[in-house]
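User: I'd like to learn how to read a protein model feature by feature. Can you walk me through one?

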Amino acid sequence: MGRTGGVTVRAPAKVNLELRVGAPRADGYHELATVFHAIGLFDEVQALPADDVTLTVEGSQAELVPLDGTNLALRAAVLLADRVGVDDGVHLHVRKGIPVAGGMAGGSADAAAALVACDALWHTGLAREDLHLLAAELGSDVPFSLLGGTAIGTGRGERLTPALARGEYHWVVALADHGLSTPEVYREIDRLRAGDEVPEPEISDALMQALRAGDAPALGEALANDLQPAAFSLDPALERTLAVGYQAGALGGVVSGSGPSVVFLTTGPEHALDVAVALTASGVAAGVRRAPGPVGGARIVEPVRDR
Ligand code: ATP
């Protein structure tokens with residue numbers, strides 16, 4: 001149709017409804033048991049035909065995103081090209097809507113989106129399972145960014161089982177004006193727990209029952225994150241953020257992943273607005289977002305057009 005083929009893919013942020021962290025393994029990773037939940041904050045990755053593999057990034061925190069070979073979207077494109085033996089290049093344009101280094105898997109979302117976008121652009125036609133394997137090589141959270149919804153993650157978080165979950169939930173996210181380094185937060189939890197007997201990570205029955213029943217108050221009570229004390233230790237202001245959300249009547253609140261974003265569960269859209277206003281008015285958060293969950297994983301929003 002006289003148009004250069006391009007494809008745009010949208011991928012969601014994640015929160016961890018429960019995150020249980022075991023003792024460090026011999027390979028340095030921690031054994032995890034987690035419940036991932038995709039929420040309606042998105043990054044978009046546009047893939048355009050090009051001779052080389054290049055990248056541009058736009059969005060409020062674009063300056064915090066690396067543009068070199070460490071960028072997860074670039075790494076995803078290079079890995080896919082390598083594995084399927086494609087010689088074509090791609091220009092990736094990333095629009096960030098997910099906070100950078102916020103504990104919401106923004107980089108992983110971009111990697112998942114780049115995999116889906118390049119797969120479509122290059123007509124590689126990989127099966128979903130093959131994309132999942134490539135995703136797991138790129139990072140522990142990337143497979144979930146492909147899948148979306150609500151899912152139980154084990155291993156490093158890359159072994160996924162969709163969770164039996166009902167209902168739509170209304171979240172408020174309090175953003176910080178800085179990131180927290182995921183490796184640093186894990187080092188801090190190891191330091192805080194030094195000498196303790198660390199149990200095998202396990203998801204609570206209370207959380208799984210709340211999800212099965214679609215019971216928002218019970219889910220609010222069951223939210224839990226083993227990394228939260230480490231995030232508080234590195235960033236004590238987060239405790240106040242959590243307290244403000246509870247004072248505003250949130251059903252529950254928890255640090256998302258390795259932080260510093262804090263997520264609150266509310267009873268519905270109006271209550272979400274109340275909690276968001278309270279967080280903004282208190283000045284504890286650098287930004288506040290409202291988002292529904294669960295939402296789907298990385299999806300094409302603008303299909304490849306035939307030339
Ligand atoms: P997670 O919860 O998956 O541990 P996060 O959400 O805390 O990660 P990200 O936004 O994924 O954090 O970014 C973590 C770091 O990854 C950033 O500080 C940045 O240096 C690097 N990074 C690499 N690629 C990207 C990308 N496409 N978008 C954002 N950050 C990226």
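Predicted model: local features only at pLDDT ≥ 70, side-chain atom pairs only at ≥ 80, totals over all residues.

User: Is Pro 162 buried or exposed?

Analyst: For that you look at relative accessible area, and exposed means over 50%. Pro 162 comes out at 58%, so it counts as exposed.

User: What is Pro 162 in contact with, beyond its neighbours within four places in sequence?

Analyst: Thr 150 and Ala 151.

User: Now His 91. Which strand does it lie in, and is it buried or exposed?

Analyst: His 91 belongs to strand β4, residues 89-96. The cut-off for buried is under 20%, and His 91 has a relative accessible area of 19%, so it's buried.

User: With which side chain does the side chain of His 91 make a polar contact?

Analyst: With the side chain of Thr 54, at 2.7 Å. Setting aside residues up to four places away in sequence, His 91 also touches Gln 46, Ala 47, Leu 48, Ala 50, Asp 52, Leu 55 and Thr 56, with Thr 54 on that list too.

User: How do I read a nonpolar core? Which residues touch the most other members of the largest one?

Analyst: Think of a core as a set of buried nonpolar residues joined through side-chain atoms. The largest one here has 67 residues, and Leu 92 and Leu 219 touch the most other members. Helix α2 gives the most to this core, with eleven residues. There's also a second, separate core of 25 residues, and among its members are Leu 19, Val 172, Val 185 and Val 255.

User: What does Leu 219 touch, not counting residues up to four places away in sequence?

Analyst: Leu 17, Tyr 169, Trp 171, Leu 207, Ala 210, Leu 211 and Leu 265.

User: And for a helix, say α3, which residues are buried and what covers them?

Analyst: List the buried positions, then see what packs on them. In α3 (residues 128-138) the buried ones are Leu 131, Leu 134, Ala 135, Ala 136 and Leu 138. Their cover includes α1 (72-84), α2 (106-121) and α4 (142-147).

User: Sheets next. What is the strand order in the open sheet of four strands?

Analyst: Read across the sheet and you get β9-β10-β7-β11, with antiparallel pairing. The edges are β9 (252-255) and β11 (287-293); each has a single partner strand, so one side of each is left without a neighbour in the sheet. From one strand to the next, the twist averages 25 degrees.

User: Over how many bridges do β7 and β11 pair?

Analyst: Seven, in the antiparallel sense, with β7 covering residues 169-175.

User: What percentage of the residues count as buried?

Analyst: 53% of the 307. As for contacts with a separation of 6 or more, 77% are between residues 24 or more positions apart.

Terms used
Residues numbered from 1 in each chain as written. Heavy atoms only, no water. Buried < 20%, exposed > 50% of the residue type's maximum accessible area, 1.4 Å probe, protein only. Helix = DSSP H or I, 4+ residues; strand = E, 2+ residues; numbered from the N terminus. Contact = heavy atoms within 4.5 Å. Polar contact = N/O pair within 3.5 Å; in protein donor to acceptor, adjacent residues only side chain to side chain. Core = buried A, V, L, I, M, F, W, Y, C linked by side-chain atoms within 4.5 Å. Pairing = 2+ DSSP bridges. Axes fitted to C-alpha atoms, helices over the stretch in contact; angles between N-to-C directions.
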